[in-house]
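Me: I am new to this structure. Please take me through it in short steps.

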Amino acid sequence: MFAHPHPKNVAIIGGGEGATLREVLRHKTVEKATMIELDEKVVEVSKEHMPYLSNCTDIVGSAPSCYDDSRANLIIADAFKYFVDNQFEGEFDVLVVDTKDPEEHEEFTNPEVVNALVESLTSNGVMAVHIGIAPSIVDPRADKGVNRRREHLINNLEANPGIASVHIYEEAHCGFWEPRSFLVACRDVSCRKRWYAETDEVDYQIYERIGGTKSGGGPSLVHFDGATQRSFHMPPRAWESIYCHREPEPFECAYRGLDLDKDLYEFLPDNEDGSAFEIRPTKIDGTDGAAVYAKVDIPEGSYVMPTHLAASFEVSDDSMENVRGDPVKELEGVGKATVIEDFIAFIDTYGHSSLQAGSGKNFVEIGGSFLMRTSYDKSDANVRRWIPTHPDGGRPKYSPVYDRYRHSFDVFVVASRDIKAGEEVLKPPALWE
């Protein structure tokens, strides 16, 4: 739900016991929650024998039973057929698929069904799907193992032009004996900004959107908070391993961790003898400046100033917008904040957007690497990003590798050819584009 900025219209497939409906109705933004359940008996039995699952007594503005909430709309039908037959277009902000494991639903292998679910979402809509037991790091190729239908679902979402980003997470506190896996598919890459949100951002969203309870005792959400969301940023390693079992192997799987066969060449300003680089004064368009020169031979593929680049600081688009807003300019008698202006200029010059489009993250070099000059003749440049541009032009919609190594992909550079001692180290134009 928090992957969407303001969900008003939500659909739930399955979930007849009412627990998913209960959690959806906690969100103040929700104006309508439609639940499509196959078996009416499930609803009746749950109401009679497990009423605590659909208990909305403590939710401000709701009814004692979540089913009686004015926002709730229960439909008894085969949900997958219901979506295919009705051909909704841009109807729902969030779609929660709370069914059995994909292996028990052949519908997930049907592109027509998956497309109907995707098309039902608004332009920035989000779909969440329960996708079964968490995998093991020793599992075989997903399309050859016991979770073939789960892999087919992911493949269908990857192939669907209406999906821009897919994320996987695991949860061990959802009532099963073993950790369970969940998938979040977004129609717009802007959901990455909320998916990768910092702990305090999510905690504030919970405060603003969920608020308190009628009883006023304890948190509104028992388990989920900003720290929990932060643990979802990177899927467990098993997902990376299974993904890289695909044939042919995905491009980015060659960049899982730094290459141990390549050396690290560091800039050590306090250890001149041990440093692989030196800073020399130079003239740039008639103005005094500085440039970086290699002191030793650096073989192609070696890591250039990795410690300094790893120290790059991260700043969000929102923070930059706030800083650019100049909060003191409206105060009478307060002059320009030149320190802030200099800070903005530094970021504009030495910062770059994350390769993860839509994440709203930027990285700013603060070590010796920011003194590397840019050569506008590509043939003169001798460093490049550690991970080259993906053959398809951008990061895949779904990639546990990009999710797990996104920070490294955003900062590290390597020698693009052999660099000789005494040679200036030069970046290519548009290094991070």
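Me: Which residues does Val60 touch, not counting residues up to four places away in sequence?
Reply: This is a predicted model, where local features need pLDDT of at least 70, side-chain atom pairs count only at pLDDT 80 or more, and totals for chains, interfaces and linings use all residues. Residues are numbered from 1 along each chain as its sequence is written, and side-chain values use heavy atoms, with hydrogens and water left out. Contact means heavy atoms within 4.5 Å. By that rule, Val60 touches Gly212, Thr213 and Lys214.

Me: Is Val60 buried or exposed?
Reply: Buried means under 20% relative accessible area, exposed over 50%, and partly exposed in between (1.4 Å probe, protein chains only). The relative accessible area of Val60 is 56%, so Val60 is exposed.

Me: Where does Val60 lie?
Reply: Helices (H or I, at least four residues) and strands (E, at least two) are DSSP runs, numbered from the N terminus. Val60 lies in the loop between α2 and β3.

Me: How many disulfides does the structure hold?
Reply: A disulfide is a pair of cysteine sulfur atoms within 2.5 Å. With bonded cysteines counted along the chain, the pattern is 1-2, 3-4, 5-6. The number of disulfides is three.

Me: What is the handedness of the link of Cys186 and Cys191?
Reply: A disulfide joins Cys186 to Cys191, S to S 2.0 Å. Cys186 and Cys191 are buried. With 85° about the S-S bond, their link is right-handed.

Me: What is the handedness of the disulfide of Cys244 and Cys253?
Reply: The sulfur atoms of Cys244 and Cys253 are 2.1 Å apart. Cys244 counts as buried at 6% relative accessibility, and Cys253 does at 5%. The torsion about the S-S bond is about -90°, so this disulfide is left-handed.

Me: At what angle do the axes of α4 and α5 cross?
Reply: Axes are lines fitted to C-alpha atoms, for helices over the stretch in contact, and angles run from 0 to 180 degrees between N-to-C directions. Helix α4 covers residues 111-119 and helix α5 covers residues 148-159. Their axes come within 10 Å and cross at roughly 60°.

Me: Is Asp380 buried, exposed or partly exposed?
Reply: Asp380 is found in the loop between β15 (373-374) and β16 (383-385). Asp380 has 38% relative accessibility, so Asp380 counts as partly exposed.

Me: What separates the C-alpha atoms of Asp380 and Glu424?
Reply: Asp380 touches Ser375, Arg417 and Leu426, not counting residues up to four places away in sequence. Asp380 and Glu424 are 44 residues apart along the chain. Their C-alpha atoms are separated by 9.5 Å.
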